[in-house]
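Subject: A structure for you to look at

Hello,

I am passing on a structure that you have not worked with before. Please open it first, and then read my notes below alongside it.

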Amino acid sequence: MSALTPRRSPWTEYWRRSRFQTACRWLLLALVLPSTTASLAAEAGLGLDRGPDPLAPQIDFLPVDEAYRFSAVLDQGRIVARWEIEPGYYLYRSRFGFQPDARATLGEPEIPPGQPKVDEFFGDVEVYYDEVTVVVPVTGQAGSSFSVQFGYQGCADAGLCYPPETRTVTFETAGTSVGPMVDAAGAGVAAVLAALASAILGGLILNLMPCVFPVLAIKAVSLVEAEPQGRWRHAAGYAAGVVVTFLVLGGVLAALRSAGEAIGWGFQLQSTGFVVAMALVFFLLGLNLLGVLEVPGFGVAMEGSNAFAAGVIAVVVATPCTAPFMGAALGYGIAHSTPMLLLVMAALGTGLALPYVVLAVVPALADRLPRPGPWMATLKQVLAFPLFLTVAWLVWVLGRQAGADAVLAALCACTMLGFCAWLALGKPARLPFVWAAAALVLALTVWLLPRPQAEAAESSFDMAAVEQRVAAGEPVLLNFTAAWCITCLANERTTLSTARVQEFLAANGITEIKADWTNADPAITEALGRFGRSGVPLYVFYPPGGEPVLLPQVLSPGIVIETITAAAGAVAPG
């Protein structure tokens with residue numbers, strides 16, 4: 001040992017060893033104590049939680065309707081219910097439930113065997129992955145429709161268990177489900193043909209409505225001055241414009257339906273923006289008929305582009321109108337798949353275009369039209385005034401939806417359009433500026449228009465309240481209507497509000513309940529769907545203890561009294 005190295009005492013060496021051992025013990029205790037304490041606390045049920053592990057992967061669980069896609073159809077006296085299950089999710093075999101309403105009885109469900117599983121929530125169970133189909137026989141049914149409540153429950157492999165779910169579906173005896181969609185291939189050929197025939201007939205009658213008749217009359221007048229060889233080209237262009245526009249409208253309906261929106265014919269008129277836009281379009285068309293402003297496609301020129309534009313305009317101006325037979329056809333199309341809906345819309349377009357096409361391609365009919373003369377200009381000017389009356393009606397609808405401020409905005413916009421038209425009067429070079437200004441006025445009016453007023457709670461529709469009255473034995477006349485429905489307003493003025501009908505309803509204790517669909521109301525849309533309809537008008541009579549009876553879309557006092565008397569044995573007035 002070197003003489004320069006200091007010598008350590010035994011006490012110094014002991015103290016150094018003791019301090020090192022103590023540090024090791026504290027380090028070991030720090031590592032072991034937290035996990036031991038957490039384990040003991042968990043076993044004792046103390047609920048200590050260290051929070052989520054930041055290193056653990058985060059799982060985004062699907063909404064229940066996306067994890068389990070449910071559908072049900074009625075097929076030859078059997079309900080076929082199907083669930084499509086996303087990967088990583090499963091359904092319990094023991095958690096299915098099928099509860100019919102009082103109008104039907106069900107047999108024993110045919111539930112296929114499931115896959116055995118030891119479940120952390122329910123122990124030994126049978127479950128389904130990917131998909132499962134359950135068949136439920138209908139052993140008894142009273143009436144034309146019934147509802148079934150379906151119950152089911154599922155979980156995710158990652159650890160989430162959903163609460164029990166229920167879905168209610170209404171079925172019609174014809175084999176179509178009002179809620180879920182069925183394919184056209186699954187529908188009866190007779191039902192499809194009946195829907196298409198109703199659509200064509202409804203389109204034909206639509207030509208006589210005040211919205212469309214001025215357009216058809218003007219285009220018919222254009223045949224008078226047309227060369228025979230050019231008539232068929234113009235007819236083809238007009239028909240193409242009508243059918244293509246109906247197909248576009250059908251595509252919009254299908255897209256909104258796929259997005260979960262409750263839609264039907266006339267749904268666009270529940271938007272104040274669309275109503276004011278339609279009012280301004282009708283105002284411009286009226287100015288055109290008076291000779292103040294040139295509107296492409298609304299003159300008497302025979303070019304193909306003008307013919308196609310005329311077809312588009314015919315469909316646009318037809319949207320506020322509902323003709324007989326249209327409701328059933330559209331309800332059928334909307335309740336089925338997209339191809340079926342588009343087929344119905346094409347049939348509607350065919351019916352709307354058919355009269356003009358027949359006039360154009362049958363020389364004998366075209367030759368019977370009056371000869372050209374000054375009367376044509378007079379007729380055009382006369383036909384402007386039905387369009388101005390339509391403007392007044394649409395502005396009234398706007399007032400019902402959004403109040404006096406919206407009416408003021410629409411009237412100011414019409415005044416500005418009239419001023420723009422006056423600027424171009426006799427000056428064709430100014431037309432591009434006028435149309436740009438008109439488009440700006442329309443866009444600003446739609447953008448700045450006040451929103452619809454909220455309806456009072458006491459005026460909201462409640463189908464449950466209707467069913468309570470029916471269950472108590474009270475006769476009820478359910479009136480589905482809207483301020484923008486011309487057929488509804490005509491039925492109200494000529495039939496339902498007359499003293500004869502009101503006295504008949506009062507004498508027989510029949511309560512009339514209105515379901516006002518002027519603004520969007522999902523409850524009314526759902527109620528319409530229960531009767532296989534997608535729009536208004538719809539009139540349903542509930543006799544005491546009987547099944548609901550649908551009245552025609554076009555009413556008269558005699559039809560109402562005779563239908564209700566036959567259904568309920570009511571006392572008709574002497």
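Helix H3 (residues 189-206) packs against helix H9 (residues 338-361) at an angle of about 35 degrees, and their axes lie 7 Å apart. Helices here are DSSP runs of H or I with at least four residues, strands are E runs of at least two, and both are numbered from the N terminus. Axes are lines fitted to C-alpha atoms, for helices over the stretch in contact, with angles running from 0 to 180 degrees between N-to-C directions. H3 and H9 cross in a right-handed way (the near helix is turned clockwise from the far one by less than a right angle). Residues of H3 that meet H9 include Val 192, Leu 196, Ala 199 and Ile 200; on the H9 side, Met 340, Leu 343, Val 344 and Ala 347 are among them. Contact means heavy atoms within 4.5 Å.

Before going on, a word on the source: this is a predicted model, where local features need pLDDT of at least 70 and side-chain atom pairs count only at pLDDT 80 or more, while totals for chains, interfaces and linings use all residues. Residues are numbered from 1 along each chain as its sequence is written, and side-chain values use heavy atoms, leaving out hydrogens and water.

With helix H13 (residues 431-448), the axis of H6 comes within 9 Å and the crossing is roughly 155 degrees. That makes H6 and H13 roughly antiparallel. This contact involves Gly 273, Val 276, Ala 277, Leu 280 and Leu 284 of H6, with Trp 435, Leu 442, Thr 445 and Val 446 of H13. H6 passes H13 in a right-handed crossing.

Now for the strands. Three of them make an open, antiparallel sheet in the order S4-S9-S11; strands pair if DSSP finds at least two bridges between them. S4 (97-100) and S11 (165-172) are at the edges with a single partner strand each, so one side of each has no neighbour in the sheet. From one strand to the next, the twist averages 20 degrees. Four bridges join S4 to S9 (residues 145-152), and Phe 98 has Phe 150 in S9 as its bridge partner.

Elsewhere, S6 (residues 115-119) and S7 (residues 123-128) run antiparallel and share five bridges. A hairpin of three residues links S6 to S7, and Val 118 is bridged to Asp 124 in S7.

Finally, the whole chain: it has 18 helices and 15 strands. Of its 574 residues, 43% count as buried (under 20% relative accessible area, with exposed over 50% and partly exposed in between, using a 1.4 Å probe and protein chains only). Among contacts between residues at least 6 apart in sequence, 74% join residues at least 24 apart.

Enjoy exploring!

Notes. Parallel < 35°, antiparallel > 145°, perpendicular 65-115°, else oblique.
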